[in-house]
Amino acid sequence: MIIKEEKIDSSFVLSPVGRIDANTAPELELKLMAVLDGGETDVVVNFHMVDYISSSGLRVLLMGAKKLDKAGKKMKLSNLKSQIMEVFNIAGFTAIFEIS
Amino acid sequence: MPKIEINNDLCELTHVADFIKNVSAKKNIPESVIFDINLAVDEAVTNVISYGFKDELEHKIFLTLHVEENKIKITLEDDGVEFNPLLSNEPDLEKNVKEKPIGGLGIYFIKAKMDKVNYERNNNINSLILEKFY
């Protein structure tokens, strides 16, 4: 899966492209964990180019959220399409992220 | 009846999604319904591929999609270990970030998104039957 990386001001932005399912989630996990282990605490996952997410994707984001929580921070998620937002809603995941 | 046969390899998930999309597009099924079916089937297939087989061999998983008036019925068949997803516990969605367990949402998504879920085990075959009204 293609995952774009950008540093915008103090934020580190990851923009995955396409589907985040059990097949592609490990790639997102590797990249996200590398960014967090590198000490970034202002992390944004931009969903602009994501058209699908399964529980495998949520699992990776939760792992990231748990790491950031130890630093007293919330992971930021942006540009979620309505159907993707619905997946976060039914999972009870909206409160653990800062969603814009 | 539209049918697809896949191997027990997670890279097949995109083929499953394409299959559902192609069949549904011909029947004018709403986008949100297609998304829900895709999510439920994706979670079910992921579980079978990830946990269903105790050997390293190639296995086939069969998926049929039957579109009726206002109802879609999906049947998933595999020769993996017996597993009835209806017997799994519901996750506690209220837990905070520290308490939330990693994983365990897939089967909950299937139950949340489908109107009917049935499981049968016959002749060493798991059959999961999902129904969605629209």
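In what order do the five strands of the open sheet in chain B stand? I started there, and I read the order as 1-2-3-5-4, with antiparallel pairing.

**Ground rules.** I am working on a predicted model, where local features need pLDDT of at least 70 and side-chain atom pairs count only at pLDDT 80 or more, while totals for chains, interfaces and linings use all residues. Residues are numbered from 1 along each chain as its sequence is written, chains are lettered from A and ligands numbered from 1 in the order in which they are written, and side-chain values use heavy atoms, with hydrogens and water left out.

**Entry 1: sheet of chain B.** I took helices (H or I, at least four residues) and strands (E, at least two) as DSSP runs, numbered from the N terminus. Two strands pair if DSSP finds at least two bridges between them. In the sheet with the order 1-2-3-5-4, strand 1 (3-7) and strand 4 (116-122) of chain B are the edge strands, each pairing on one side only. Neighbouring strands of this sheet are turned by 15 degrees against each other on average, direction ignored. My axes are lines fitted to C-alpha atoms, for helices over the stretch in contact, and angles run from 0 to 180 degrees between N-to-C directions.

I then followed strand 2 (residues 60-68) of chain B, which pairs with strand 3 of chain B over eight bridges in the antiparallel sense. B:Phe62 has B:Glu77 of strand 3 as its bridge partner. Helix 2 of chain B packs on this sheet and touches strand 1, strand 2, strand 3 and strand 5 of chain B, at about 10 degrees to the direction of strand 3. Contact here means heavy atoms within 4.5 Å.

**Entry 2: sheet of chain A.** I found another open sheet of five strands here, in the order 1-2-4-6-7, with mixed pairing. Strand 1 (3-8) and strand 7 (97-99) of chain A each have a single partner strand, so one side of each is left without a neighbour in the sheet. The twist averages 25 degrees from one strand to the next. Strand 4 (residues 43-46) and strand 6 (residues 75-78) of chain A run parallel and are joined by three bridges; A:Asn46 has A:Ser78 as its bridge partner. Helix 2 of chain A packs on the sheet against strand 4, strand 6 and strand 7 of chain A, its direction making about 140 degrees with that of strand 6.

**Entry 3: where the chains meet.** I looked up the contact next: 28 residues come from chain B and 26 residues from chain A. The chains bury about 2,200 Å² between them, 65% of it on carbon and sulfur atoms. In chain B, B:Phe35, B:Val97 and B:Ile102 lose the most area to chain A, together 30% of what that side buries. Buried area is the accessible area (1.4 Å probe) that two parts lose on being put together, summed over both.

**Entry 4: pockets.** A pocket, on a 1 Å grid over the protein atoms alone, is an open set of points where a 1.4 Å probe fits, with protein on both sides within 12 Å along at least five of seven lines; lining residues have an atom within 4 Å of a point. Volume is the space filled by probe spheres set on the points, which are joined across faces, edges and corners.

The largest pocket has a volume of about 820 Å³. Of its 43 lining residues, A:Ser55, B:Asn47, B:Tyr51, B:Gly104 and B:Gly106 lie nearest the centre. Helix 2 of chain B gives the largest share of this lining, seven residues.

The second largest pocket holds about 310 Å³, and I noted B:Phe35 among its lining residues, along with A:Arg19 and A:Tyr52.
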